[in-house]
2 protein chains.
Amino acid sequence: MNEQNFLEFVKNIKFGNDGLIVVITQDFKTNEVLMLAYMNKEALKKTIETKIATYWSRSRQKFWVKGETSGNIQHVKEIFIDCDGDAILLKVLQMADGGKSDFGAACHTGFRSCFYRKLEAEKLIKIGKPIFNPDKIYRKN
Amino acid sequence: MNEQNFLEFVKNIKFGNDGLIVVITQDFKTNEVLMLAYMNKEALKKTIETKIATYWSRSRQKFWVKGETSGNIQHVKEIFIDCDGDAILLKVLQMADGGKSDFGAACHTGFRSCFYRKLEAEKLIKIGKPIFNPDKIYRKN
């Protein structure tokens, strides 16, 4: 992306006092909401340039190329911002195997979506089943 | 909702230091993401009890029954929480006319979704058209 166009684009975005903006990530084909995360300006720029979703990890305080460990990368197809510029919506293809398969999981628990717990009859129940076994994907050091 | 069940439910939720949790609101029928807002524990309780989306307005610092002015209320059909309990997903019927019509707009600009601006060829473009004219809906005092 042209630097001038990027600067024009980010004028519409209100990053918080911590330099972050909240990002909703949605499945490009089904519109399923996969996860919610955060970006700073540089992560947004990397995401636009590489078309691979790159967040800012608040817990690890570093860039987080989604799927860099698990292979469940996200190809970014569309980027939206909301009316007051304080939220971003990404539409992605949630891949697996580093991009070889298009049926990956967004959640570190192995579920396709992080939103796999639903309030039903006043209790939280799990919806669906994990796609991968996290113990096999994330090596314990 | 039973008080004990509510207390059990909110044990799974991590409210921020400001007492708020981020909420994604999605169309129950189409899965379109309509908006992003915030709730505190009491707004979440009101939402569960009334089945009408009630947020906490950060700008006005008060409860915000979505649509109380415009009539574009949201009937809550499903509530999900994410893996680490720091985001909520609501699936709603986005109504208009105080619930008489099921084709309302979530955005104060009159667009159905707050995410009506898309990055396309390095520029922001508007997608779709407003459903209502905000000047007619929100009276100027």
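**Ground rules.** I number residues from 1 along each chain as its sequence is written, and chains are lettered from A and ligands numbered from 1 in the order in which they are written. As the model is predicted, local features need pLDDT of at least 70 and side-chain atom pairs count only at pLDDT 80 or more, while totals for chains, interfaces and linings use all residues; side-chain values use heavy atoms, with hydrogens and water left out.

**Entry 1, the interface as a whole.** I began with contacts (heavy atoms within 4.5 Å). I found 41 residues of chain A touching 41 residues of chain B. Next I looked up the buried area, meaning the accessible area (1.4 Å probe) that two parts lose on being put together, summed over both. It comes to about 3,400 Å², with 62% from carbon and sulfur atoms. On the chain A side, Cys83(A), Phe115(A) and Arg117(A) lose the most area to chain B, together 20% of what that side buries.

By class, I see 22 nonpolar, nine polar and 10 charged residues on the side of chain A that touches chain B; here Ala, Val, Leu, Ile, Met, Phe, Trp, Tyr, Cys and Pro count as nonpolar, Asp, Glu, Lys and Arg as charged, and the others, Gly among them, as polar. For salt bridges (a Lys or Arg side-chain nitrogen within 4 Å of an Asp or Glu carboxyl oxygen), I get four across the interface. One of them joins Lys118(A) to Glu78(B) at 2.8 Å, N to O.

Strands here are DSSP runs of E, at least two residues, numbered from the N terminus, and two strands pair if DSSP finds at least two bridges between them. I see β5(A) pair with β7(B), residues 117–120, in the antiparallel sense over two bridges. Ile81(A) faces Arg117(B) there. β7(A) and β5(B) also pair antiparallel, over two bridges, and Lys118(A) has Phe80(B) as its bridge partner.

I followed β5(B) to β6(B), residues 87–94, and found antiparallel pairing over seven bridges. Gln74(B) stands opposite Gln94(B). Their hairpin has five residues between the strands, and Gly85(B) takes a positive phi near 70°.

Notes: Helices (H or I, at least four residues) and strands (E, at least two) are DSSP runs, numbered from the N terminus.
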